[in-house]
Amino acid sequence: MNNEHKRTRRKRLAALLMGVFAGAVLLIAFAVGGRVATGQSAPARSGSDSVFSPAHATFREALVHFLGWRPEPEQPIPFPHRTHFEEAFLGCTDCHNGAARGPIARIPSVVFCMDCHFDIATDREPIQLLTSYYDRGQEPPWERIYGWNPEAHVRFNHAPHVRRDIECSVCHGDVTQMIVAEPAVDHTMSFCVACHEQNQASIDCVTCHY
Amino acid sequence: MPRWGMTVDLDRCTGCEACVTACHAENNIPTVGPEEAARGRAMHWIRVERYWEGEFPDVRLKFRPVFCQQCDNAPCEPVCPTYASYHTDDGLNAQVYNRCIGTRYCANACSYNVRFFNFHNPEWDRPLDLQLNPDVSVREVGVMEKCTFCIQRIQAARIEARADDEEGAIEDGALQPACAQSCTANALVFGDLDDPESRASRLSRSPRGGKLLEELGAEPSVTYLQKGDWYESGGG
């Protein structure tokens, strides 16, 4: 009985210590400073000589990458993927038409959107907003929701994946059921390598990292 | 699987350094400024060495472009503690930036002095940052970098070749690194050394051919061509 009591006390003490340690780490991380990395910050490290590790300028940046924290993407217009799929019968590559041809899937330009939206749903507020972008000759500042940080040194090419008939949803989740697209799959190296091994694709380092 | 190699015709090279410029532009290689350069930290994946021969007034100027020799028995590879420097199946000495922890052992082991360390984070003043090549990563402080034979072009050509046919091979001449592409004198020829018909392969068998520092046994994939005896004329 006494032993068991001691053990629970020790466990509690360990948990408390770990909690304090984790708290301290977080505090230090944010005290040390550094920007929260976004997926589109390339080349983020240009000109800064701050070094925590070769891949991270600050401890905070390293922790943020380790925990996979990304700021919530804020889209200029709440683009409904589901509506376009279910009501307009559009497929992914109808708008992201770079995917089959090259590295970048592409977010279509406002001109491409206006091909349809000159006539369709012109009374809706988001479309009026879109039209105002078009009239000003501006692109809506769409935010990317996927992307590696520059220090990952990943070069990805959509085309060979599309040619191999890898479904878009394998890497992007079922976007057809999303209103605003959100990151649904973690693009970790183990995720990529597992699929490459399954499909007898090369897992040589320089297939992706160069 | 091809085995990539290159030939450099020293009798053709005019020393114009178009290859150096092209390489910098293609591979996002930073310039370090005069102070750092004076400390031996200049970064050029390819450099053109200059040699004077003979006595005045009977002198001759010779140029020799030097870049990573992509050795088959590379001294840089076994010394890397993190396997950042390794040999690919197609005969390249690859450098994986993610793995590099900056020990610089590879640069010390390299007999050709063609590996470069990032002592600082690279910087491109506006608007020069807009010319960065998106197909190549920007290396950060603390990692080693070197000539890749334009791996981004090799990968792109491979993907292109396999678009119609899974076994599709890259045609000779369809793929060129930036230096060979920009060489006005056609001194640099890139190709598959395992294909006996490729231009690079035929040139590498030329009696004019020789390797840099061959006696070290690193077995470079780059062959230098020049008339006359190699060692006497300073080729070795």
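Predicted model: local features only at pLDDT ≥ 70, side-chain atom pairs only at ≥ 80, totals over all residues.
Guide: Residues are numbered from 1 along each chain as its sequence is written, chains are lettered from A and ligands numbered from 1 in the order in which they are written, and side-chain values use heavy atoms, with hydrogens and water left out.

Visitor: What makes Cys23(B) buried?

Guide: Buried means under 20% relative accessible area, exposed over 50%, and partly exposed in between, with a 1.4 Å probe and protein chains only. Cys23(B) has 7%, so it is buried. Cys110(B), at 16%, also counts as buried.

Visitor: Why is the pair of Phe118(A) and Tyr134(A) called edge-to-face?

Guide: Rings of Phe, Tyr and Trp (its six-membered ring) pair if their centres lie within 6.5 Å; planes under 30 degrees apart count as stacked, over 60 as edge-to-face and the rest as tilted. Here the centres are 5.4 Å apart and the planes stand at 90°, so the pair is edge-to-face. Phe118(A) is partly exposed at 48% relative accessibility, and Tyr134(A) is partly exposed at 28%.

Visitor: What makes the pair of Trp4(B) and Phe190(B) stacked?

Guide: The ring centres of Trp4(B) and Phe190(B) are 5.2 Å apart with planes at 15°, so the pair is stacked. Trp4(B) is buried at 4%, and Phe190(B) is buried at 4%. Ring pairs also link Trp4(B), Phe67(B), Phe149(B) and Phe190(B) into a cluster.

Visitor: How do you know that the charged end of Arg41(B) sits over the ring of Phe119(B)?

Guide: A charge sits over a ring if NZ of Lys or CZ of Arg is within 6 Å of the ring centre and within 35 degrees of the ring normal. The charged end of Arg41(B) is 3.8 Å from the centre of the Phe119(B) ring. Arg104(B) lies over the face of Phe117(B), 4.6 Å from the ring centre.
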